[in-house]
Amino acid sequence: MSLSTTTAPALSLTFLISNGILDLHTHPINVQRLKMDRPWLYTCCDFGQLIDYSKVEIPPILKELVYFDDINFWLSVMMMVFNPIFWNVVARFEYKTRFLSRAFRSPRVACVFLAVIIFHLMLLRSRRFQLALQSQPRFSDCFWISPILDWLGPSLVAVGVFLALSCFWVLGFYGTFLGDYFGILMKSKVTSFPFTVTSHPMYYGSFLEYVGMALWYRCPAGLLLSTVLLGTYLVAISFEEPFTIEIYRQKNAKKST
């Protein structure tokens with residue numbers, strides 16, 4: 001092994017540390033693990049002696065901007081994937097069998113019951129996402145783009161919340177929480193804002209909230225998780241949209257007869 005190939009990674013790491021790009025204290029990683037995974041930090045030409053590794057725990061940012069062995073990361077992924085699967089399966093089963101409506105003797109009460117479950121699942125998903133952001137690597141305050149992220153992150157969160165709340169205001173409670181599947185249909189298709197901006201403001205608003213939080217925390221893993229969330233939403237849309245169109249097609253067909 002040549003001198004250049006062994007010292008280059010260490011030089012890069014030292015540059016990031018000395019320039020404050022890497023926050024060493026917010027996200028510590030076990031030194032013994034680092035010794036095993038990155039032996040070149042300790043062995044080459046005594047270069048490792050330039051930094052006292054016994055007093056500082058250093059995350060391996062060269063190849064690990066995301067800690068894939070972090071349980072919080074995978075619990076967050078699990079909640080993002082589970083939630084749309086849950087409400088689509090339950091709502092479709094309700095549409096075909098009316099099992100919740102019969103159990104509660106009212107489709108409106110049954111819809112409220114499902115809405116409460118969905119709301120708590122969303123809270124749990126948000127909490128798992130927050131814990132993942134806190135346990136993953138972040139860029140420090142000294143990184144040149146950090147001041148930009150300090151206003152861009154909250155701005156995206158505000159836009160996302162505004163889209164979601166305006167969608168809730170236009171659709172109402174039952175329109176937001178899958179009332180169509182319970183036979184609680186709207187009189188006509190909503191075409192006013194925010195549906196003039198996007199056909200799925202609730203989903204895209206939620207996505208913007210998560211991206212904003214990831215930028216606010218300056219967390220690369222948060223951006224990856226936000227992409228996972230968007231992927232689950234796009235899959236959900238591909239199932240929900242044609243099904244909802246069919247529900248209202250049947251409604252209009254009954255009216256015409």
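Apart from neighbours within four places in sequence, E94 contacts F99, L100, S101, Y181 and F182 in this predicted model. E94 belongs to helix α4. Its relative accessible area is 0%, so E94 counts as buried. The E94 side chain also forms a polar contact, at 2.5 Å, with the side chain of S101.

The protein has nine helices and zero strands. Along the sequence, the pattern reads α-α-α-α-α-α-α-α-α. The chain has 257 residues, of which 43% are buried. Among contacts with a separation of 6 or more, 82% join residues 24 or more positions apart.

Mean pLDDT is 80 for the protein. A pLDDT of 70 or more is reached by 73% of the residues. Over residues 1–35, pLDDT stays under 50. The model has 72 contacts beyond four places in sequence for that stretch. Where pLDDT is low, predicted coordinates should not be read in detail.

Helix α4, which holds E94, spans residues 71–97 and packs with α9. Their axes come within 9 Å and cross at roughly 5 degrees. An angle under 35 degrees counts as roughly parallel, and α4 and α9 are therefore roughly parallel to each other. The residues of this contact comprise 17 nonpolar, four polar and two charged.

Helix α9 covers residues 220–256 and also packs with α6, residues 107–135. Here the angle is about 155 degrees, and the axes lie 10 Å apart. Angles over 145 degrees count as roughly antiparallel, so α6 and α9 are roughly antiparallel to each other. On the α6 side, the contact is made by R125, F129, A132 and L133. On the α9 side, G222, L225, S226, L229 and Y233 take part. By class, the contact of α6 with α9 has six nonpolar, two polar and one charged residues.

S226 gives a local view of helix α9, where it lies. Its relative accessibility is 1%, so S226 counts as buried. Leaving aside neighbours within four places in sequence, S226 is in contact with F129, F207, Y210, V211 and A214. F129 is one of the α6 residues in the contact with α9. The side chain of S226 also reaches the backbone nitrogen of V211, at 3.5 Å. V211 is therefore both a contact of S226 and, through its backbone nitrogen, a partner of the S226 side chain, while S226 itself is buried at 1%.

S199 sits in the loop between α7 (146–176) and α8 (201–217). With 47% relative accessibility, S199 counts as partly exposed. In sequence, S199 and E241 are 42 residues apart. In space, their C-alpha atoms are 9.9 Å apart.

Notes:
Residues are numbered from 1 along each chain as its sequence is written. Side-chain values use heavy atoms; hydrogens and water are left out. Axes are lines fitted to C-alpha atoms, for helices over the stretch in contact, and angles run from 0 to 180 degrees between N-to-C directions. Helices (H or I, at least four residues) and strands (E, at least two) are DSSP runs, numbered from the N terminus. Angles under 35 degrees count as roughly parallel, over 145 as roughly antiparallel, 65 to 115 as roughly perpendicular and the rest as oblique. Contact means heavy atoms within 4.5 Å. Ala, Val, Leu, Ile, Met, Phe, Trp, Tyr, Cys and Pro count as nonpolar, Asp, Glu, Lys and Arg as charged, and the others, Gly among them, as polar. pLDDT is the predictor's confidence in each residue, from 0 to 100. Buried means under 20% relative accessible area, exposed over 50%, partly exposed in between (1.4 Å probe, protein chains only). A polar contact is a pair of N or O atoms within 3.5 Å; within protein, one must be able to donate a hydrogen and the other to accept it, and residues adjacent in sequence count only if both atoms are side-chain atoms.
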